[in-house]
Amino acid sequence: MPKSQFIDPAQARAKGKITFGEIPVNAYDIPFENAMKHYSSEQLVRIYRDMQVIREFETMLNLIKTTGEYQGIAYNHPGPAHLSIGQEASAVGMAHALEVDDHIFGSHRSHGEILAKGLSAIHQLDDKSLMGIMERHFDGAALRIVEKTNKGDVKDLAIDFLLYGTLAEIFARETGFNKGLGGSMHAFFTPFGVYPNNAIVGGSGDIAVGAALYKKVNQKNGIVVANIGDASMGCGPVWEGISFAAMDQFRTLWEGAHQGGLPMIFNFMNNQYGMGGQTRGETMGYDLLARVGAGVNPEMMHSERIDGYDPLAVIDAFNRKKKVLADKKGPVLLDTLTYRFTGHSPSDASSYRTKEEVEAWQQVDSIRSFRTLLEKHKVSSAGKLDALDEKIRGLVKKAMELSINDEISPRMDITRQPELIGEMMFSNGSVDAMEDRAPDVLMPIEENPRVVALKNKERFALDKDGKPFSKVKTYQLRDGLFEAIIDRFYKDPTLVAYGEENRDWGGAFAVYRGLTESLPYHRLFNSPISEGAIVGTAIGYGMSGGRVIAEIMYCDFLGRSGDEVFNQLPKWQSMSGNIIRMPVVIRVSVGSKYGAQHSQDWTALTAHIPGLKVVFPATPYDAKGLMNAALQGTDPVIFFESQRIYDIGELFHKEGVPEGYYEIPIGEPDVKREGGDVTILSIGATLYTAVEAADILASDYDISAELIDARSLVPFNYAPVIESLKKTGRIVITGDASTRGSFMKEMAQTISELAFDEMDAPPVVVGSRNWIVPAHELEQHFFPQAAWIVDAIHEKILPLQGHTVTTDWSDEKILSRNRKGV
Amino acid sequence: MAEAVVMPRQGQSVETCVITQWLKNKGEQVEEGDLLFSYETDKAAFDESAPVSGTLLEVLYGEGDEVSVLQTVAIIGEPGEDIAALLGDAVTGAAAGATAAGEPGGTATDAAAGATAAGEPGGTATDAVQEAAAAGEPGGTATDAVQEATAAEAGAAAAPGKQASRTRISPRARNMAEAMQVDIASVRGSGPNGRIIADDIRAAAASGSREITAAQASSDGRTTPAATGVPGTRQSPTQATPTEPYTDRLLSNIRKIIATNMKASLDNSAQLTHHASADARKILSLRKAIKEGTEQRLPGSTTLNDMVCHAIVQALVETPEMNAHFLGDTTRTFSGVHLGMAVDTPRGLMVPALKNADRYTLGGLGKSLRELAESCKEGRIDPDLLLPEAGSFTVSNLGAFGIEMFTPVLNLPQCGIIGINTITHRPADMGDGNIGFIPHIGISLTYDHRAIDGAPASRFLQKVCRNIADFTPNF
């Protein structure tokens, strides 16, 4: 909500109408004999070759899946193979127009795009670069394999490398492009500009936008293409990605070199089916997919339907759209019409379409048609093309032989190295800046008004007499976050932060207040209310090489970014074979006071997903130290904050919050108060409830409680907790999450396993009720209270002399609640 | 007005008692003070007399039933009197038994009773309703509470055996008990649902307690010998079915405990016995003087046993290492002498402890020891005084039976026990080359070599003998 843009009621309320321009449909009509003049024969034959390589490669997979052999070689591939036989011209046309620095993101059906873009890059790269790329990829593991049998030049070698690396990946071999951890639907190879393909329909729809954002913010060459299917137009994240990419602010508010639209093409590979659902005529209502562009922005996204069965039409379109992007007028929507002859997957009996329909498209098969033209116009001869076909069959056969040979292409030996995949879940890097250049900032950090203001704050909450300073004087938790974040903005030029109300507002909870003064728009901006795209773009930004803080304003909105948080963010580091790093911090603010959809602690949902680090600091000292650690790292961190305590001062770290830089290692719990009789392990802001309970235990029952603040959920070092238990033998685990399925329960179980013999009672979880969060005035009946903790200790662990309970912890009550599901 | 007879609580550690015998039958007239029934704890046996006169209207438990203390066992009143109110309370217990025995789907009353029997919070159905209401449970209607009570009952019914006899103990407490050699069977749990927790073990160890291991429990005679000869297999003569008439009698609780403790003592300590004798002339003459009335400072009932005990107490005061418990990794010495005394009772051996025996005069000591012995014989002894941990040293006197020497068995975790034997005449050098026969009283000291070595133990025995020979009582 920039003040610079005045919303004039007279203008806003004035009568008018919206008019739409025309959207071209298959407008390309240049006859081949004219078009061929713009290409060399070599180019035209290469287009044919690339299409034929894809066709042969996928035919091989299809035969393996359907007949168990190819060219007499038997093989069983139990994994997926979503083939694009019939769609080759679309992939090759696109790739032919792209440069190495242009990055493509794909779908589950992207073998063809990998090969097309790879072949295009191989053609463009010089031998030295190619050798370097192949040498560097896992220390030349795949190169060593293909160079043994290759007799040709470097480009031939690189083609073998491309076919082999892709196929070994599909067959889950350790020598594959991603160590076999990605497989058919996720294979990619970034040095050729092939970024992750995505098994979730439309998954690339917002991730690719983040990659385009990275190019714009960091002024990198090239464009980004999201190759997604026509059916993905029904997916929310795709719409969110489009909204994000089309934001006005790129043109209206971003300045200088950063001004202008994103270099982004949403290329809908429109094979006209979403699995078995016909998008046009059945499951969607757009008639022609390209129409959607008309509603997005005044430029109508430069939308076009193009004939994906004519490679030259596709090349023509991409060349024209690249010009649009170069003029900073993106994003662009392309509706690339195509058709697959094979089913959605090998199990697809194509019961949803007729044989006649498939045959009609086979009649206009792009490869056969293009070959006819080449022969007709004497670009090449039937004999030469037959020889080329035969050579391609040889290449594919060789790639298959190599990649199914267990000795040459072994799978990961998890038996011998049981922790191998485990060790790949996190990159655990420690990197000051993702790139070495001066950061774009608007003033020296010392002059930032909030930095100046913080100099006068009390960095420990209590004065000499133990009395708290006033809120205004106190250095608060939000200040700890701010200090860590602004410090990184001045260290790492790639760092960007965005989310809802992040800029002028300073974030809904004033963590970012003061950042606006220091940072240009392209480093700190407001996003659309699109949690999916907020996280999705952060993923694309991170995997492209930048560092990013995305904000989810309320934990309750995490569901809106479900696929991004659960399926994308956690997985790409390991699915890439550790080629990708993911320095993405998602700040998630846990609310209260605002009822059932604004007050939930969903830490357990994120902690459950392998591949995410999860922290939840509760003090200014920990908040700053953990944010520093999160921003120094290279892993995705879900950074929970509690709205209850943004204004809390430092009550535990006696020296106060240091002004300088320090890190608190992620995964280390902290003993906040020592005690001998019972341990209370708290998650997040519930620390302060635990303090209250400990005070009651001490004053009323002479029980000394040891308070441990979990600080992190994933990873988590249980050793200090076990140490504490050796002393106390008793533990209560408390947090604001609804009890059932909470991380508290996870901890209770793990503690039982690790310290059973130390236990004087079962670990007891004191969490929130399994209800909706009621209104603020009733919250004390929902969130754990100090009295509940005392009651739980009395009832479950250690009867307290003279204690009267106010809550029911009986076994019958627990049984009854579980029976009722509440 | 009818009156309920309840199972008395015998000591803090007692939760349940077993009725061993009904001495009156239902419908019989009883007078106040008439013995009604006998019962026993795992430590001691007792008799309960009628609190009022009247007709024994109802007998709620049979012989062999285990009954929670303070539970109504019988009702005395006038024939035809309405005892429903008293019975209602009592039936709670009886119904609980029936429910626990597996009668799913009881009424709300049954259910609540089940909860009570299982030692769960809840009380009666009415209580459950009140509790639900008190807990402020939204929607907590009476129906809910009844449903929950039914659930509790279902849980109780599902649990096999008697809930009351199950030992709940935390893993930490169990480990501590093992390390500190605390017998968990004798520990009362103060945790939720009566769970034994670490504090209980600590407290038990502090008050003295000892271990009975599972191994001994299984070797205390419960192993079943082959009762009948299997054709073709060789049987040892003892295992063969006896052809003579014989009687099998189930062991009483006390017998079981004695058996377990004795075996545990021999299994778990390094005990050995030294024998010596003390010149008894001085105590004999003192006894004579008392009998003849020339020693007025002492009551006429003062016995030789009292004097020897007194001498032993004096020696213990000077030998703290003998007045001690051996606790595995620690020894615990006591500032006072808590003298255990083996008492022969009709129900078997009992060893009550006289606390702070060192503070008594000789006369007081004798009186107190006799009182203790009497209360054992009459079954009114405080069971807590029967715990091995209650004493710090024990004396057993078999002199009256003419026993000249024996090897008393240690009352673990105590480190020593003295057996007092009969008086015999021994030749002694009377000076001038004359040999005379001097009366000597035999003293047998069994001690735990884990705790104390042979020389100091012998020195202690010497000291006891010297104290007897030069007997100088505190008057």
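This is a predicted model: local features need pLDDT of at least 70, side-chain atom pairs count only at pLDDT 80 or more; totals for chains, interfaces and linings use all residues.
Domain bounds here come from an automatic or database domain assignment. Residues are numbered from 1 along each chain as its sequence is written, and chains are lettered from A and ligands numbered from 1 in the order in which they are written.

Chain A, then. The assignment gives domain 1 (32-409), domain 2 (445-642) and domain 3 (670-820). Between domain 1 and domain 2 of chain A, the C-alpha centres are 36 Å apart. How many residues of domain 1 of chain A are in contact with domain 2 of chain A? The count is 32, against 30 residues of domain 2 of chain A. Contact means that two C-beta atoms, placed from the backbone, lie within 7 Å. On the domain 1 side, α9 (204-217) and α10 (236-245) of chain A each supply at least two residues. Helix α9(A) gives the most, with 9 residues. By class, that side of domain 1 of chain A has 16 nonpolar, 12 polar and 4 charged residues. For the classes, Ala, Val, Leu, Ile, Met, Phe, Trp, Tyr, Cys and Pro are nonpolar, Asp, Glu, Lys and Arg are charged, and the others, Gly among them, are polar. Helices (H or I, at least four residues) and strands (E, at least two) are DSSP runs, numbered from the N terminus.

Next, one helix: α6 (residues 127-136) of chain A. Which residues of α6(A) are buried? They are A:L130, A:I133 and A:M134. Buried means 20 or more other C-beta atoms within 10 Å of the residue's own, exposed means 12 or fewer, and partly exposed is in between, with C-beta atoms placed from the backbone. Down the axis of α6(A), the buried residues fall within an arc of 95 degrees, so they line one face of the helix. That arc is taken over the directions from the helix axis to the C-beta atoms. On the other side of α6(A), A:K128, A:E135 and A:R136 are exposed. The cover over the buried residues of α6(A) includes α5 (111-124), α7 (141-147) and α8 (154-170) of chain A. After α6(A) comes A:F138, with a positive phi near 50 degrees.

Now the sheet. Chain A has an open sheet of 7 strands, in the order β11-β10-β12-β13-β15-β14-β19, with mixed pairing. Strands pair if DSSP finds at least two bridges between them. At the edges stand β11 (524-526) and β19 (712-714) of chain A; each has a single partner strand, so one side of each is left without a neighbour in the sheet. From one strand to the next, the twist averages 20 degrees. Inside the sheet, β10 (residues 496-499) and β12 (residues 548-552) of chain A run parallel, joined by 4 bridges. A:V496 stands opposite A:V548 in β12(A). Helix α24 (residues 620-632) of chain A lies across β13 (584-590), β14 (613-615) and β15 (637-642) of chain A, at about 160 degrees to β15(A). Axes are lines fitted to C-alpha atoms, for helices over the stretch in contact, and angles run from 0 to 180 degrees between N-to-C directions.

One more strand in chain A. Strand β21 (residues 764-768) of chain A has 5 of its 5 residues buried. Its pairing with β20 (residues 731-738) of chain A is parallel, over 4 bridges. There, A:I733 has A:V765 as its bridge partner.

Over to chain B. It has 12 helices and 18 strands. Of its 475 residues, 41% are buried. Among contacts in chain B with a separation of 6 or more, 63% join residues 24 or more positions apart.

Chain B has an open sheet of 6 strands, in the order β9-β18-β17-β16-β12-β15, with mixed pairing. The edge strands are β9 (271-279) and β15 (353-354) of chain B. Strands β17(B) and β18 (residues 435-448) of chain B run antiparallel, with 12 bridges. B:H425 stands opposite B:P439 in β18(B). Helix α12 (residues 454-469) of chain B lies across β9, β17 and β18 of chain B, at about 25 degrees to β9(B).

Last, a single residue. B:I423 lies in β17 (residues 416-429) of chain B. Is B:I423 buried or partly exposed? It counts as partly exposed, because it has 19 C-beta neighbours inside 10 Å. Beyond four places in sequence, its contacts include B:A280, B:G399 and B:H440.
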